[in-house]
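Hello,

My notes come after it.

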Amino acid sequence: MRKIVREYEFTPEEERAVARLAGELGITETTAGILYARGNDTPEKAYEFLHPSRKHFLSPFLMRGMKEATELLARAREEEWRVAVFGDYDADGIGATAIAARALSRYGIEPYLYIPERTDGYGMSVAAIDKIFDEFLPDLIITVDCGISNRREVEYIKEQGAYVIVTDHHELPDELPDCIVVNPKLKDDYPYDNLCGAGVAFKLACALIGDRAMDLIDFAALSTVADSVPLLGENRDIVAEGLNLMRKNCRPALAALLGKQNELTAQTLAFTVAPRINAAGRMGNARAALEMFLSEDAETIAALAKELNEYNATRQRYCDGLYEQALREVYAEGAYKNVVMLAGENWNTGMVGIVAARMVEQFSRPALLFVKNGDMLRGSARSVENVNIFDALKACSQYIEEFGGHSQAAGVNVKAENFEALKNALDEYLGSHYDRADFSPAIPVSGEAKDFWRVAREIDMLEPFGIGNRRPQFVLHAAETDAAPVKPASPHISLSVDRLDLMCFNGSKNLKVLKSDLKKTIVFDYNVSSFRGKEYLKGFVRTVVCDGKSGVRVEEDMFENRLLAAALPAASAEVMDRAALDEFLSRRIADSAYGLCAVCYDRSTAGKFPALADLEPEAFRLSSGNVENAVLVAPDPDTDLSAYREIVFLDSPAGGIETGNARVYRADAGAPWGVDASRESLLGVFAALKRYEGAFVGETLAEAARAMKDIPVPSVQRIFALAVFRELGLIEIRGGRLSVIRGKKTDLNDSAIYRAVKEA
């Protein structure tokens with residue numbers, strides 16, 4: 001179950017500090033609290049955070065190895081050495097290469113540029129080095145965004161008679177390359193260690209050419225956003241300055257990828273530009289993106305931008321297909337460990353990282369996807385926010401041939417024979433080093449929004465948003481809402497809560513919950529937008545979490561789902577008495593946090609099984625797809641639980657939902673229907689329906705039954721009658737209006753719903 005967690009909780013003393021901060025800066029306590037929680041606990045720090053600027057840049061010479069690197073490059077220029085730059089194939093590596101190429105050129109060195117393809121593997125390789133020497137015969141090789149884990153390859157370069165400067169930002173291995181190394185993670189006087197590869201290249205450029213490097217900061221900004229490093233400290237200043245440069249004088253290459261954007265933010269770079277740069281590398285032509293970054297010719301840039309757009313469209317289609325394939329394999333195998341690991345024969349090495357990230361989002365656990373290549377597996381790892389996958393891989397390195405990366409992402413090469421051993425070792429390591437809460441899908445919020453307009457304006461001051469500085473989300477509490485599709489058949493929902501208009505994109509699946517009287521927490525963000533000179537406050541629903549135990553009228557919606565399930569075929573199930581079933585549930589929950597879903601249609605049923613006491617019930621559909629042990633009340637008819645290992649029906653036949661290959665169990669006694677199934681009762685309701693013909697009665701049977709409240713029978717009786725009549729074709733509810741079909745002859749026993757209730 002998705003959980004809402006406060007981004008921060010303050011002590012009374014901290015609350016007083018937040019109030020002082022708000023007063024000194026002239027901002028709301030809401031915004032001051034966000035600043036304080038994100039480390040800006042003094043007016044000076046907060047002011048600096050709210051005004052990111054090059055003024056806050058650190059001297060590059062505080063970084064270990066920078067002085068030695070510039071001295072060697074000065075010698076290279078003086079002695080006219082042949083200098084090669086070895087980059088990487090992703091957006092960070094390409095941005096870093098572009099910065100290094102332009103900076104070296106201005107410094108007086110025309111470099112040879114080498115970008116490997118993903119099929120060459122992560123980092124430097126002997127084959128790539130041989131190619132560089134065959135084509136260029138360098139005196140010096142500079143790496144950008146790679147090299148820190150290539151001690152052996154650095155020695156090989158030195159054996160060929162060339163010097164090496166490694167500039168990188170990835171985690172440090174046990175043994176560093178024996179050469180000049182520039183990496184902010186080294187122990188030195190440089191106080192910020194979260195630069196991306198292009199950020200390090202930019203600092204090298206600043207050390208070489210000073211302020212002339214500032215017109216390269218747009219590359220550094222793009223790479224910083226693309227590489228998902230925290231947008232705090234110097235990274236925040238780099239991105240802010242880069243965005244300012246793009247807004248004033250956007251580089252033609254970036255303008256070609258941006259297209260017609262209404263606004264330019266860090267999110268625009270992350271979701272519009274970065275995927276297109278990465279797509280070139282993923283599709284095996286990383287050089288195309290670099291050429292576009294280095295070109296000054298409009299026609300060349302336009303042609304390359306078109307090529308990258310096509311690569312990105314192809315990449316999206318491929319990734320969607322690969323994700324669906326991987327998901328099927330996970331469901332078939334079962335996602336019941338602390339890690340998700342898969343390997344495929346014909347998968348594209350450029351796509352598995354993206355799909356691994358989607359797997360993390362789906363299952364709330366680290367995910368590793370590999371491509372089989374003979375007896376070797378080449379893969380990508382991604383992780384949830386609270387789990388350091390680099391440390392986990394390091395702890396299990398006896399099963400790994402090669403790996404490199406950082407806390408949230410890594411490249412990994414493994415022998416096929418060690419695949420299962422690595423999976424088990426990672427599962428054990430993660431289980432022993434992290435709590436269950438670290439794997440639970442959590443939604444961080446900044447509390448309840450107050451003073452909507454003022455806070456919305458202040459939120460803009462917290463830009464740029466990204467990793468480490470997420471856009472603040474707030475909560476609203478509600479029961480029934482006025483939720484409705486924005487237009488007929490639209491998947492998008494609009495609603496209003498506390499006088500704030502909200503939009504829920506693709507929220508049709510949540511419509512029943514939003515309209516019900518379940519107590520619910522709506523997580524949203526919001527902003528001020530302008531249209532035709534008028535300002536509007538608009539909120540965007542990100543998540544809805546409801547209390548499955550609350551509400552009264554919701555029982556009618558649950559009863560409707562039970563009726564609909566009764567009309568569908570039941571899965572084969574092992575029948576157990578209540579005591580045996582509770583013992584089984586207790587044992588399974590103790591064994592694993594994943595793989596068990598208990599289903600009931602009467603909410604009181606779950607309370608009769610002590611084993612389920614610690615599981616919060618959810619209504620209609622599960623809020624997370626991570627196959628965590630769960631209790632689901634009155635699942636919607638399209639519910640798919642096939643990812644679960646065991647499904648237990650507590651008070652009904654095992655029907656109405658997709659169970660796949662799960663083992664199915666059910667209690668030996670179901671809940672009573674509580675309705676009169678006699679012919680006389682049904683005929684009485686049918687006679688009364690005619691006066692509602694043509695009237696608006698709602699979209700569901702429960703809504704229609706509530707609209708017909710003057711029919712003198714309980715609401716569940718009305719729902720039952722409507723369900724039977726609709727199944728028999730005697731009525732139709734379309735567009736929210738009721739039609740009665742006259743003159744049709746039928747038999748009540750032709751209704752599966754009627755038979756299920758009658759025979760119970």
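Predicted model: local features only at pLDDT ≥ 70, side-chain atom pairs only at ≥ 80, totals over all residues.

Strand 4

Start with strand 4, residues 140-144. Five of its five residues are buried, so the strand is largely enclosed by the rest of the structure. Both faces are covered. Leu140, Ile142 and Val144 lie on one side. Ile141 and Thr143 lie on the other.

Strand 4 has neighbours to pair with. Strand 2 (residues 83-86) runs parallel to strand 4, and four bridges join the two. Strand 5 (residues 163-167) is also parallel to strand 4, with five bridges between them. Thr143 takes part in both pairings: Phe86 is its bridge partner, and Val166 in strand 5 stands opposite Thr143.

How is the β-α-β unit made, and what is its hand? Strand 4, helix 7 (residues 151-159) and strand 5 form the unit, and it is right-handed.

Helix 17

Helix 17 covers residues 419-433, 15 residues in total. From first C-alpha to last, helix 17 reaches 21 Å. That is close to the 21 Å expected at 1.5 Å a residue.

The buried residues of helix 17 are Phe419, Leu422, Lys423, Ala425, Leu426, Asp427, Tyr429 and Leu430. Note that Lys423 and Asp427 are on that list. What do the buried residues pack against? Two of the elements are helices: helix 14 (298-333) and helix 16 (389-395). The strands are strand 7 (340-344), strand 8 (367-373), strand 9 (376-382) and strand 11 (409-415).

Two serines in loops

Ser446 sits in the loop between strand 12 (442-445) and helix 18 (452-459). Is Ser446 buried or exposed? Its relative accessible area is 3%, under the 20% cut-off, so Ser446 counts as buried. The Ser446 side chain makes a polar contact with the side chain of Glu7, at 3.1 Å. Leaving out residues up to four places away in sequence, Ser446 touches Arg6, Glu7, Tyr8, Ile34, Pro472, Gln473 and Phe474.

Ser751 is in the loop between strand 26 (737-740) and helix 26 (752-759). Ser751 is buried, with a relative accessible area of 0%. Its side chain reaches the backbone nitrogen of Ile753 at 3.3 Å. With residues up to four places away in sequence not counted, Ser751 touches Val724, Glu727 and Leu728.

Best wishes

Methods
Residues numbered from 1 in each chain as written. Heavy atoms only, no water. Buried < 20%, exposed > 50% of the residue type's maximum accessible area, 1.4 Å probe, protein only. Polar contact = N/O pair within 3.5 Å; in protein donor to acceptor, adjacent residues only side chain to side chain. Contact = heavy atoms within 4.5 Å. Pairing = 2+ DSSP bridges. Right-handed = clockwise from strand over helix to strand, strands pointing away. Expected span 1.5 Å × (residues − 1).
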